[in-house]
Amino acid sequence: MTSEQLSANDPADARSRHGEYKVPGGKLVVVDLAVVDGALADVSVSGDFFLEPDEALLDINRALTGLPETTPAADLAAAVTAALPAAAVLFGFSADAVAITVRRALAKATSWQDHHWDVIAPTVLPTEINVALDDVLTEEVGAGRRNPTLRFWDWEEPSVVIGSFQSVRNEVDPDGVARHGIKVVRRISGGGAMFMEAGNCITYSLYVPQTLVDGLSFADSYPFLDAWVMAALEKIGISAYYVPLNDITTDQGKIGGAAQKRLANGGMLHHVTMSYDIDADKMVEVLRIGKEKLSDKGTRSAKKRVDPLRRQTGLSRTAIIAAMTEVFAERYGATPTALTPAELTTARERVEQRFGTDEWLHRVP
């Protein structure tokens, strides 16, 4: 295929939109296109990926040309897949990656660099307030009243934070809770229970617009949103990776887990807790961790499932959070900020109305 053939479908003077997407662990995909009468025109896909046969690139361009600019990412990917020859091989990218790049070119999807990021340093607050702030700040980002934000939690009282859909009686041992003075709270995101004593784990929340993960599957959005964390962990000597759907682990054991919640207003919460110096004996007295939970983890003991960061790094919790903050700021140009009085007031109100009520805690008995 000649360069003239590749460019014939998209003359340079017709290009008015440009999008780029770096596939995590893969290659760069670039899309240039125009929009004519509400439809995609002069579509040109390029990048440093590999594609066989060579002519399949024109098939991709033709498949996208003429589609409405409002076409969802899933339908864009489906159109690309349908147009590819049966024997086509895509290496370093995918039809989904092309769809994401098209959506970025149309400003329907965004990249990290499209946003100004804020970072809120650890602030000691009651666990109920921390949970309520996840609801408040996700809503604020979705409404455009706050920049996308990374917030590190801090707290003093020993707590268990259960997932939105978990049963209290199935997850929490009432005798252990009473004996150790544990505060039990329910959060808005799904996932499993978090055993949290002051200083024994690192918890952070990302509040982002859903445009940042437009075109990504739920499964792919987890490692995508935590790529900076993996880089920070590598910087301090830990080689970590995701075990689908939401576990963060190393060769020495699981170190954390993630959970998400997407709001109707376009805001999204991505929440992670990593164990720093967990009291495993106390954890198994407080949480009901059954055989079924452990059945696919390759271990008989709940105590062995979580391997704290303190042992793996020898660093203080403060030093690890500082390394994470530094990497995030370097990657995305983030700046320090703080919770506003209005946000804290709203969070306290939601504790009274929702997060601090028995009705909310026991909504799944």
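Analyst: The charged end of Arg317 sits over the ring of Trp155, at 5.6 Å from the ring centre. A charge counts as sitting over a ring if NZ of Lys or CZ of Arg is within 6 Å of the ring centre and within 35 degrees of the ring normal. The model is a predicted one, in which local features need pLDDT of at least 70 and side-chain atom pairs count only at pLDDT 80 or more, while totals for chains, interfaces and linings use all residues. Residues are numbered from 1 along each chain as its sequence is written, and side-chain values use heavy atoms, with hydrogens and water left out.

Strand 14 (residues 253-262) and strand 15 (residues 267-275) are paired antiparallel through seven bridges, and Arg262 has Met268 of strand 15 as its bridge partner. Strands and helices are DSSP runs numbered from the N terminus (strands: E, at least two residues; helices: H or I, at least four), and two strands pair if DSSP finds at least two bridges between them. Both strands belong to an open sheet of eight strands with mixed pairing, in the order 12-13-14-15-11-7-6-16. Its edges are strand 12 (241-243) and strand 16 (335-337), each of which pairs on one side only. On average, neighbouring strands of this sheet are turned by 25° against each other, direction ignored.

Helix 9 (residues 227-235) packs on this sheet and touches strand 7 (149-154), strand 11 (201-209), strand 12, strand 13 (247-250), strand 14 and strand 15. Its direction makes about 145° with that of strand 11. Helix 13 packs on the sheet as well, touching strand 6 (118-124), strand 7, strand 11 and strand 15, and its direction makes about 20° with that of strand 11. Such angles run from 0 to 180 degrees between N-to-C directions, using lines fitted to C-alpha atoms, for helices over the stretch in contact; contact means heavy atoms within 4.5 Å. In helix 9, the buried residues are Trp228, Val229, Met230, Ala232 and Leu233. Buried means under 20% relative accessible area, exposed over 50%, and partly exposed in between (1.4 Å probe, protein chains only). After helix 9 comes Gly237, with a positive phi near 95°.

The aromatic rings themselves come next. The whole structure contains 14 aromatic pairs, where rings of Phe, Tyr and Trp (its six-membered ring) pair if their centres lie within 6.5 Å; planes under 30 degrees apart count as stacked, over 60 as edge-to-face and the rest as tilted. Phe328 and Tyr332 form an edge-to-face pair, with 5.0 Å between the centres and 75° between the planes. These two residues are separated by about one helical turn because they are four residues apart in helix 13 (residues 317-332). Phe328 and Tyr332 are both buried. Ring pairs also join them to Trp112, Trp117, Phe152, Tyr204, Phe224 and Trp228 in a cluster.

Leu212 lies in the loop between strand 11 and helix 8 (218-225), and its relative accessible area is 2%, so it is buried. Although Leu212 and Thr110 are 102 residues apart along the chain, their C-alpha atoms are separated by 4.8 Å.

A nonpolar core is a set of buried Ala, Val, Leu, Ile, Met, Phe, Trp, Tyr and Cys residues joined through side-chain atoms within 4.5 Å. The largest has 69 residues, and those touching the most other members are Val45, Leu64, Trp112, Trp228, Met324 and Phe328. A second, separate core of 25 residues includes Trp155, Ile188, Cys201 and Val351.
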